[in-house]
Amino acid sequence: MIETGRTVFLLAHTGRPAAIRSAELVVKGLQRCGLGVRVLESEAVDLPLPSSVELVPEATPEALDGCELLIVLGGDGTLLRGAEFARASGVPMLGVNLGRVGFLAEAERDDLEKVVDRVVTKEYEVEERMTVDVVVHSDGDIVHTDWALNEAAVQKMSAERMLEVVLEIDGRPVTAFGCDGIVCATPTGSTAYAFSAGGPVVWPEVEALLMVPISAHALFAKPLVTSPDSVLAVEVQPHTPHGVLWCDGRRTLELPPGARVVVSRGAVPVRLARLHHASFTDRLVAKFALPVSGWRGAPH
């Protein structure tokens, strides 16, 4: 028995033909089972949608009012755009990966029929992923606030000169060096930029914060893993060139010399819909195509 009055929001990377085909399949499947579908007007232009689909003009939190789920079709960038939407509204996000790795995604493009079936029958669970809040200080004043699901990265702006920084944890200095940048990441982000910079892979259920140097010119430049309640800070030295702050690779801010970037556990998590109970270990092996031949398992 399908409940009436249920609505799902669909967000897609309409620049990809695969996303357009996938969106059409999802919309038809949901509507055939009596669920309403809502999309952005700007995306509807590129999608072959029936007139019964509800259109909204802007991607505001209010656009998801009354929606039980946000389905996102696309690669990592689209999934992170969906995460912004999901966090602001509190609506769970279900990602379908149409890109390469897609650690935030719960399903692949070949699973679309199963995705529709699970949504229709409400056979999914919701988990919360921790975020980070980011505060930028300059000359003693707060000049910017932001957040991230994966990471907040402080990087150099020019290729010619390194960024000179001092790292701080819980109000105490740790070390100073020149580098290409510093990644402050969540466990979710440990398989994103922090991974590329040589940081550890952290299982999502572990609550922690990561601080990973990028190409540091120093003897002690190890990735650091702290308590989720720790406060991380990166101070850009006054004599160094300008830096830049990137949050999830999507939102950017130029950092003047002497700027201080403070990263702490986010007050608002991102809610992700899960279709199955596959372990993160299996997901890691599948996403990175890790070699596991020869494994015999624990003795019985």
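Leaving out neighbours within four places in sequence, Leu73 is in contact (heavy atoms within 4.5 Å) with Leu10, Leu11, Ala12, His13, Ala19, Ser22, Ala23, Thr78, Val96, Leu98 and Leu112. The model behind this is predicted, so to speak of local features takes a pLDDT of at least 70 and side-chain atom pairs count only at pLDDT 80 or more, while totals for chains, interfaces and linings use all residues. Residues are numbered from 1 along each chain as its sequence is written, and side-chain values use heavy atoms, with hydrogens and water left out.

Leu73 also turns up in the largest nonpolar core, a set of 29 residues in which Leu10, Leu30, Ile71, Leu73 and Val119 touch the most other members. A nonpolar core here is a set of buried Ala, Val, Leu, Ile, Met, Phe, Trp, Tyr and Cys residues joined through side-chain atoms within 4.5 Å, and buried means under 20% relative accessible area (1.4 Å probe, protein chains only). At least two residues of this core come from each of β1 (7-12), α1 (17-32), β2 (36-40), β4 (69-74), β5 (93-97) and α4 (112-120). There's a second, separate core too, with 27 residues, including Leu163, Ile169, Cys184 and Leu232.

Zooming out, the protein chain has 6 helices and 20 strands, counted as DSSP runs (H or I, at least four residues, for helices; E, at least two, for strands) and numbered from the N terminus. Buried residues account for 48% of the 300 in the protein chain. Of the contacts between residues at least 6 apart in sequence, 67% join residues at least 24 apart. The C-alpha atoms fill a box of roughly 65 × 60 × 35 Å along the principal axes.

Definitions and conventions. Buried means under 20% relative accessible area, exposed over 50%, partly exposed in between (1.4 Å probe, protein chains only).
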